[in-house]
Amino acid sequence: MTESEGALDEDLRVPSCERCPALVESRSRIVDGVGPTDAELLFVGEGPGAQEDERGEPFVGRSGDVLDDALRDAGLARADVRITNCVRCRPPDNRDPTTEELANCRGHLESEIDRLDPALIVTLGKVPSEHLLDRSVAITSESGDVVDARIAGASRRVLLSVHPAATLYDRSQRDGFFETIARAGELSGVGGREGGGDGQSRLGEF
Ligand code: URA
């Protein structure tokens with residue numbers, strides 16, 4: 001990372017925030033997005049879980065392992081993409097963030113999207129999909145769809161995806177998830193599926 005990139009990344013950090021009393025109580029730290037601030041591909045999850053809260057980085061637990069596998073399978077490196085969440089503090093008992101908590105954190109997410117101006121945003125799961133599209137989403141059937149949405153004052157291309165954790169609860173969703181991530185690589189022009197996997201290569205690990 002160059003000095004100026006470091007400064008930009010610093011700009012996107014949320015050094016302190018006390019807006020959501022329940023999250024302030026449950027978090028150990030604020031978990032900011034990671035990855036290049038000029039990434040063409042932005043993944044948006046729901047909010048940090050226990051591992052993310054402990055390590056201060058999005059998607060580093062079991063869901064993160066699935067995401068990493070799918071990225072690798074698609075010929076993408078985690079270092080080439082940006083990964084963030086709708087809320088930056090871990091909700092208690094891994095519950096979904098409330099409407100108010102999502103709204104409180106929206107400005108941070110919009111600043112990140114505005115700064116990156118990515119070619120493609122991938123929403124990982126129902127919560128980020130509904131939050132960014134501002135409508136209800138049937139994520140299992142809409143996963144893989146590409147839509148244009150007005151976000152942070154501009155028209156953005158959004159690819160909807162199931163959450164990687166869904167593949168842990170229901171293995172039949174794994175191939176579809178891997179395909180969606182591969183599609184993200186193709187649509188954004190990032191990486192490429194060299195020696196392309198079939199989404200089955202590491203199924204045995206879970
Ligand atoms: N699930 C999410 O939605 N985000 C994370 O960072 C980890 C798990």
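This is a predicted model: local features need pLDDT of at least 70, side-chain atom pairs count only at pLDDT 80 or more; totals for chains, interfaces and linings use all residues.

Trainee: Which residues surround the ligand?

Mentor: A residue counts as near if one of its heavy atoms lies within 4 Å of the molecule. Here the ligand is surrounded by Gly 45, Glu 46, Gly 47, Glu 52, Pro 58, Phe 59, Asn 85 and His 163. By class, that shell has 2 nonpolar, 4 polar and 2 charged residues.

Trainee: What lies 2.8 Å from a nitrogen atom of the ligand?

Mentor: For polar contacts, look for pairs of N or O atoms within 3.5 Å. In this case, a polar side-chain atom of Asn 85 is 2.8 Å from a ligand nitrogen. The backbone takes part too: a polar backbone atom of Glu 46 is 2.8 Å from an oxygen atom of the ligand, and a backbone N or O atom of Phe 59 is 3.0 Å from a ligand oxygen. The protein buries 92% of the 240 Å² that the ligand exposes when taken alone.

Trainee: Where does the ligand sit?

Mentor: Its place is the largest pocket, which holds about 700 Å³ of space. Of the 29 residues lining this pocket, Glu 46, Ser 63, His 163, Ala 165 and Tyr 169 lie nearest its centre. Helices that each give two or more residues to the lining include H3 (50-55), H4 (62-73) and H8 (166-169).

Trainee: How many of the lining residues are nonpolar, polar and charged?

Mentor: The lining has 12 nonpolar, 11 polar and 6 charged residues.

Definitions and conventions
Residues are numbered from 1 along each chain as its sequence is written. Side-chain values use heavy atoms; hydrogens and water are left out. A polar contact is a pair of N or O atoms within 3.5 Å; within protein, one must be able to donate a hydrogen and the other to accept it, and residues adjacent in sequence count only if both atoms are side-chain atoms. Accessible areas come from the Shrake-Rupley method with a 1.4 Å probe; for residues, only the protein chains shown count as cover. On a 1 Å grid over the protein atoms alone, a cavity is a set of points where a 1.4 Å probe fits but cannot get out, and a pocket is an open set with protein on both sides within 12 Å along at least five of seven lines; lining residues have an atom within 4 Å of a point. A molecule sits in a cavity or pocket if more than half of its atoms lie within 2 Å of its grid points. Ala, Val, Leu, Ile, Met, Phe, Trp, Tyr, Cys and Pro count as nonpolar, Asp, Glu, Lys and Arg as charged, and the others, Gly among them, as polar. Grid points are joined across faces, edges and corners, and a volume is the space filled by probe spheres set on the points. Helices (H or I, at least four residues) and strands (E, at least two) are DSSP runs, numbered from the N terminus.
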